[in-house]
Amino acid sequence: MKITKLTTYRLPPRWMFLKIETDEGIVGWGEPVIEGKAKSVEAAVHELGEYIIGQDPARINDIWQTLYRGSFYRGGPILMSAISGIDQALWDIKGKALGVPVYQLLGGLVRDKIKAYSWVGGDRPADVIDGIKKLMAGGFDTFKLNGCEEMGIIDNARKVDAAIAVVAEIRAKFGNTIEFGLDFHGRVDAPMAKILIKELEPYRPLFIEEPVLAEQAEYYPRLAAQTHLPIAAGERMYSRFDFKRVLADGGLAIVQPDLSHAGGITECFKIAAMAEAYDVALAPHCPLGPIALASCLHLDFVARNAVLQEQSMGIHYNQGAELLDYVVNKEDFNMVDGYFSPLMKPGLGVEINEEKVIACSKNPPDWHNPVWRYSDGAVAEW
Ligand SMILES: [Mg+2]
């Protein structure tokens, strides 16, 4: 079998799908995108595509190494997201060619179901109580919300109180019948992270995500030393080589590689195994589309340390399209009591509505995250 063609489709809400065709008629789908830089990743996919046209799609390991090591400069969000989508599509082709789901090719099931969580409350946490009530009716009992709005390097007690008030209200309303993680979204710098984590401890969040940016990863072990709350990070780390440093330095209880950013299934399978060796849990990042989610699920079902799966149903970013809008076999993504089941169809197990993809890619949105500023005019982290 030979790879013959790569076609990309940028789509609402902020996604990109990749279709890889072969000379035997088997087609694979991937989701190479970095949120807000879809066009850059698209260019990278086609540049990397020149290396793989005419190649045997079954040689995923060799193709991965060629795409990663075959050029002198490598790594980072753009190139690794491009490799990720290509890698996903190759696993889809391999599974379809052999007639088995991808989790079988990775050694088979290690669990029967995986817990999913839902986002609640948007960019600036609001209406969280109502949001949780509605989602509980749909079977969720685990949630994630942004931990705060803009936070200065040194900020005032009112900002801290506002962040704590949201969490206190959740615990007062729902007690311990639900769990929730708090995503600091890299908005918080080390001095305020120390204060916020201390004040949040009594409310027992499930984890604190990106308490500081990955660029300040040296603070993960320092923050972990001051708290018993689990610290999570990883959506802005792009390979084993990024993860090895945080694993070796300690501090993280949960790693969150993104299957569309950190080298795809091939690389995240290895990252999961590295994390297991350090007694660190896996919770793949996935505020993206169905192919990215399917890739995450295949990993969750073979990695013993997988604990939770993010998914984008109803997420505040999904303006103009929802998670399953381009999927034919929507029923395979049905959750029971907040758990996903294994995707049983060959390959990634996602049947793409190609007509709809083509139609919706005619006029794709060019999504970018907002640029936030402090009241004094300086740029804030979003
Ligand atoms: Mg996050």
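Helices (H or I, at least four residues) and strands (E, at least two) are, in this talk, DSSP runs numbered from the N terminus. Good morning. The structure before you is a predicted model, in which local features need pLDDT of at least 70, side-chain atom pairs count only at pLDDT 80 or more, and totals for chains, interfaces and linings use all residues. Residues are numbered from 1 along each chain as its sequence is written.

I begin with the backbone. Most residues other than glycine have a negative phi, and most peptide bonds are trans. The peptide bond from P12 to P13 is cis, with omega near 5°. P13 belongs to the loop that links strand 1 (3–11) and strand 2 (15–22).

The next two residues concern phi. D337 is not a glycine, yet its phi is positive, near 50°; D337 sits in the loop between strand 11 (309–310) and strand 12 (339–340). E210, also not a glycine, has a positive phi of about 40°, and its loop runs between strand 7 (207–209) and helix 8 (219–226).

Are these residues buried or exposed? A residue is buried if 20 or more other C-beta atoms lie within 10 Å of its own, exposed if 12 or fewer, and partly exposed in between, with C-beta atoms placed from the backbone. E210 has 25 such neighbours and therefore counts as buried, whereas D337 has 10 and therefore counts as exposed.

Let us turn to G30, in strand 3 (residues 27–30). G30 is buried because 33 C-beta neighbours lie inside 10 Å. Contact here requires C-beta atoms, placed from the backbone, within 7 Å. Leaving aside residues up to four places away in sequence, G30 touches L18, G85, I86, D87, Q88, A89 and I291. D92 is 62 residues from G30 in sequence, but their C-alpha atoms are 7.9 Å apart.

Finally, I come to strand 5 (residues 142–146). Four of its five residues are buried, so strand 5 is largely enclosed by the rest of the structure. Strands pair if DSSP finds at least two bridges between them. Strand 5 runs parallel to strand 4 (residues 114–119), with two bridges, and parallel to strand 6 (residues 179–183), with five bridges. In the latter pairing, L145 stands opposite L182.

Notes: Contact = placed C-beta atoms within 7 Å.
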